[in-house]
Amino acid sequence: MDSIDALIRGFGDALTPTYLLYALAGVLIGTAVGVLPGIGPAMTVALLLPITFTLDPTGAFIMFAGIYYGGMYGGSTTSILLNTPGEASSIVTALEGNQMARAGRGAAALATAAIGSFVAGTLATVALTLLAPQVAGLAVKLGPQDYFALMVLAFLTVSAVLGSSLVRGIASLLIGLTLGLVGIDSLTGQARLTLGVAQLADGVDVVVVAVALFAVGEALWVASRLRHTPAQLLPASGPWMTREDLRRSWRPWLRGTALGFPFGTLPAGGAEIPTFLSYAAEKRLSKHPEEFGHGAIEGVAGPEAANNAAAAGVLVPLLTLGLPTSATAAVLLAAFQQYGLQPGPALFESNGDLVWALLASLYIGNVLLLLLNLPLAGLWVRLLRIPRPYLYAGILMFAALGSYTINLSAVDVALLFAIGAIGFGMRRFGWPVGPAVVGLILGPVAEQQLRRALAISQGDVSTLWSTAFSAVVLTICAVLVLTPLVLRWTRTTRSTPIPDEVEK
């Protein structure tokens, strides 16, 4: 009942004309940027971070909610009409949605994606509203060693999930952890990795790194990759959803929601795994399995619902524990830190009005997306016709201006392009950039929790696994690291011929 009362108060704040305008602007801007080819939700939020700095925290996060959901929906448009998914979780949508567009059913694919996003986003936000306060209540009881164990788990899982290789993910994580060390050590007062540059004494700004890795690095990478292979833009043709399309879509929407939300709440979750699971489930359950690979509407409806449900699910560990489980959540965490806020169990107590206004704005953003995006589908298609050189030059200029306005420092702009070049190289060689941002953001927090735990125990290292919670979490970490090594060793042993048998 307390949660419902708090949510009603949140609606009271979010439905004021000014904040409603922010939500509308966030949805439109988020969709407009997210629909651009090769730009995923993480890049959308990172690129638009600086424009919210002039707003009050509540207004800024209401706009972020619109940008977040708008960016998610925009990615589905690009996947369907251009066959260019902005992130891994949109690959399945591109697989079936683009085939539907090629068959003259692009409008139906966009409609099932939009309605599925609304259904999944709304149901998942209801679950988020009910679950988040409960998790926050339990999280208050955790000690510093428990938080440190959770962050180790987040480091490992993000490194494993946001990429094709655990080794490359951990290498990316180490880059972020190293960047997080830059600045004056708060305990000893010693400068760390500042290279004598006075502007680095306060550390590397998280927003600069997020914009550099997600916006500059991605823009350079996509521009270089698509330079010689112009993509084919398909029209959003055909009728919107027929009664038969609706009959085939509503069950996948619900199943996708049921798969996406729980995975989103897990530290090892994210949106990639549930979208592929949803696709596999719909293929198995469909009465028309022969259509999969050639434009099955269930293959768009289920994964899109799972993707959007997971997007709401990742807000549970983010708001209650301060743990980002996706690249987009890492950028959102950076946004919180820009306002001096640290997501976690205390956030509901110290900034309850802001949190509940944010949750209320998620409901509002979902409704705005449904009302606006289908009628504006033609406008989004025109955005896809922007010449690529203009598009990527504009992104780089916008990123540079946004980074400069943070501290009015030319050093930030230099860092932007230097780290952006690193981001381009990471994509070139298959290193995921999400773990780097997570390492930068969570590294200093993990260091603080480690120091607190050791200080309380007077240097006794065994305190790190002294509670049942931390022991279980660290055991899970050990299993995550050791299991692939054991499986690889087992396969190698079985495939190696025994010398005696070879001689015979």
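Helix H20 gives the most to the lining of the second largest pocket, supplying seven residues. The model is predicted. In it, this pocket has a volume of about 720 Å³. Its lining comprises 33 residues. Gly180, Val182, Asp202, Gly203 and Pro444 are the lining residues that lie nearest the pocket centre. By class, the lining of the second largest pocket divides into 15 nonpolar, eleven polar and seven charged residues.

Rolling a probe the size of a water molecule over the atoms shows where empty space is left. The structure holds two cavities of 30 Å³ or more.

The largest cavity contains about 80 Å³ of space. Its lining is formed by Phe61, Phe64, Ala65, Tyr68, Leu315, Leu332, Phe336, Leu358 and Leu362. H4 gives the most, with four residues. The class count for this lining is nine nonpolar, no polar and no charged.

Tyr73, Ala114, Ser117, Phe118, Asn366, Leu369, Leu370 and Asn373 form its lining. Helix H6 (106-139) and H16 are the elements that give two or more residues to this lining. The largest share, four residues, comes from H16. Five of the lining residues are nonpolar and three are polar, with no charged residues.

Serine 286 was considered separately. This residue is placed in the loop between helix H11 (272-285) and helix H12 (298-313). The relative accessible area of serine 286 is 12%, under the 20% limit, so the residue is classed as buried. Its side chain reaches the backbone nitrogen of histidine 288 at 2.9 Å. Leaving aside residues up to four places away in sequence, serine 286 touches Phe292 and Glu298.

Methods
Residues are numbered from 1 along each chain as its sequence is written. This is a predicted model: local features need pLDDT of at least 70, side-chain atom pairs count only at pLDDT 80 or more; totals for chains, interfaces and linings use all residues. Side-chain values use heavy atoms; hydrogens and water are left out. Buried means under 20% relative accessible area, exposed over 50%, partly exposed in between (1.4 Å probe, protein chains only). A polar contact is a pair of N or O atoms within 3.5 Å; within protein, one must be able to donate a hydrogen and the other to accept it, and residues adjacent in sequence count only if both atoms are side-chain atoms. Contact means heavy atoms within 4.5 Å. On a 1 Å grid over the protein atoms alone, a cavity is a set of points where a 1.4 Å probe fits but cannot get out, and a pocket is an open set with protein on both sides within 12 Å along at least five of seven lines; lining residues have an atom within 4 Å of a point. Grid points are joined across faces, edges and corners, and a volume is the space filled by probe spheres set on the points. Ala, Val, Leu, Ile, Met, Phe, Trp, Tyr, Cys and Pro count as nonpolar, Asp, Glu, Lys and Arg as charged, and the others, Gly among them, as polar.
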